[in-house]
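Welcome! Have a look at it first, and then we can walk through it topic by topic.

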Amino acid sequence: MTMRRAMLMLGVAAFATLPAHGVAQQAGYPIELVAPGKGTYTFPQGYETPWDKIQIMVTAKMSPNLFVIHGSEALDPAHPDASGGRVMALFGPDGVLMVDTQNRQVAEKTLQAIRSFTNAPLRIAVNTHIHGDHTGANAFFAKQGALIYSQENLRNEMLRPPPRANGQPAPAPDMAAVPVVTYTYNPATSGQPAVTFNMNGEIVDFIPMMPSHTAGDTIVRFRKANVIYIEDFYRNFGYPFADQANGGSIRGMLDAVDLIEKLADAKTTLVPGHGTLVKKQDLLPYRAMLVDIMAKVKALRDQGKSLKEVLAANLTAPYDKTTLGDTQQSKDRFITEAYDEVKDFPAIVDGKRTMPVHP
Ligand SMILES: [Zn+2]
């Protein structure tokens, strides 16, 4: 057999093991270094997050040059399993591409975590959604040189912050924090990337999402590593959270899960903003819970039950055992969202919904 023939055969054999979309996860990856905590956590009345104590560290490696950065556990009541939202960093000779920028208070520490593995210039950051644990350090990283990408809706949400709870207008946004490069979600091309980067030997897709966790969500696919950052429409620490005021919806989160079913293969590592790393089959019980709770809440609301009565029905009880971080607050928020969504759900006006205020 000639050398050429042998190589061709080798090529065929290797190709046969590739997943449907044509790339294989690198052998030995992902490597998880620090798993998020499992709880339970309690914080005393009046507790304030001690930002100085929170550590920001590399918690997982998705490939030799694609790392996950996250905060330490048991200190941040908003995310006690691991503080803040996950950041991903792709690095190499073409510079650093970041997914999300973490909380403002830990900006320096997030940069130090990146500097622990690369000296390459910061070039690109993408925001998966507007929440402060994902965009809080935008201005800091923009000043370090990162050009910030997001859906246009996210940029608009940031430019027009809602009034404060006391009715006072919100302070003017810091323009340095506002994404510069924007794109939109188009239902006709759902799942297709709005932007593709070829850098550091990786192919990175920014895929705009339907209104789901918010109206400005983006997921980020790393084709060669076979990893998708799926942000917060899925979560496994605490009950689901659709930010309806910012255009999100539980039904949109169902659509988001269904899109992941199409985009991911069985081996794709899905990186949520919080909670544990998962595969697409792990999204199915979550999807079933969303459908079940929506149906049960609708049935009660159709019977004329008040929100208070629906909350008292303790509909999440069958899920408490398998849902980490199942605090009363997390349950009540989820059920209230379902209650608001099954009837008289306010339409999105100018990127926002005016949600009912429940006494
Ligand atoms: Zn988050």
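**A first look**

F67, F91 and F117 form one aromatic cluster. Keep in mind as you read that this is a predicted model. The protein has 10 helices and 13 strands, and its radius of gyration of 21 Å is close to the 21 Å that the globule rule gives for 359 residues, so it is as compact as a globular protein of that length.

**Overall build**

- Along the principal axes, the C-alpha atoms of the protein fill a box of roughly 80 × 45 × 40 Å.
- Of the 359 residues in the protein, 52% are buried.
- Taking contacts between residues at least 6 apart in sequence, 66% join residues at least 24 apart.

**The nonpolar cores**

- The largest nonpolar core holds 38 residues, and F233, I293 and V297 have the most contacts inside it.
- Two or more residues of this core come from each of β12 (227–231), α6 (250–263), α7 (283–302), α8 (307–312) and α10 (328–342).
- Another core, of 25 residues, lies apart from it, and among its members are V106, A125, A146 and I148.
- Which residues does F233 touch, leaving aside its neighbours within four places in sequence? Its contacts are M209, S212, H213, I219, M253, A256, V257, I260 and Y286.

- H134 lies in helix α3 (residues 132–135), while H274 lies in the loop between β13 (269–272) and α7, so the pair ties together parts that are 140 residues apart in sequence.
- Both of these histidines, H134 and H274, are buried.

**Aromatic rings and charges**

- The count of aromatic pairs comes to 11.
- One of them joins F43 and Y47, a tilted pair with 4.7 Å from centre to centre and 50 degrees between the planes.
- F43 is partly exposed, at a relative accessible area of 26%, and Y47 is partly exposed too, at 27%.
- F140 and F141 have ring centres 5.0 Å apart and planes at 85 degrees, so this pair is edge-to-face.
- Are F140 and F141 buried or exposed? Both F140 and F141 are buried.
- R301 lies over the face of Y339, at 4.1 Å from the ring centre.
- R333 lies over the face of F241, at 3.9 Å from the ring centre.

**Backbone details to look for**

- Most residues other than glycine have a negative phi, and most peptide bonds are trans.
- The peptide bond from Y29 to P30 is cis, with omega near 0 degrees, and P30 lies in the loop between α1 (3–16) and β1 (31–32).
- G39 and T40 are also joined by a cis peptide bond, with omega about 0 degrees; T40 lies in the loop between β1 and β2 (56–63).
- N200 has a positive phi, near 55 degrees, and is found in the loop between β9 (195–199) and β10 (202–208).
- N200 counts as buried because its relative accessibility is 9%, and buried means under 20%.
- E231 has a positive phi as well, near 45 degrees; E231 is in strand β12 and is buried, with a relative accessible area of 0%.

Technical notes:
Residues numbered from 1 in each chain as written. Predicted model: local features only at pLDDT ≥ 70, side-chain atom pairs only at ≥ 80, totals over all residues. Heavy atoms only, no water. Core = buried A, V, L, I, M, F, W, Y, C linked by side-chain atoms within 4.5 Å. Buried < 20%, exposed > 50% of the residue type's maximum accessible area, 1.4 Å probe, protein only. Helix = DSSP H or I, 4+ residues; strand = E, 2+ residues; numbered from the N terminus. Contact = heavy atoms within 4.5 Å. Phe/Tyr/Trp six-rings, centres within 6.5 Å; stacked < 30°, edge-to-face > 60°. Lys NZ or Arg CZ within 6 Å of the ring centre and 35° of its normal. Rg over C-alpha atoms; globule rule 2.2 N^0.38 Å.
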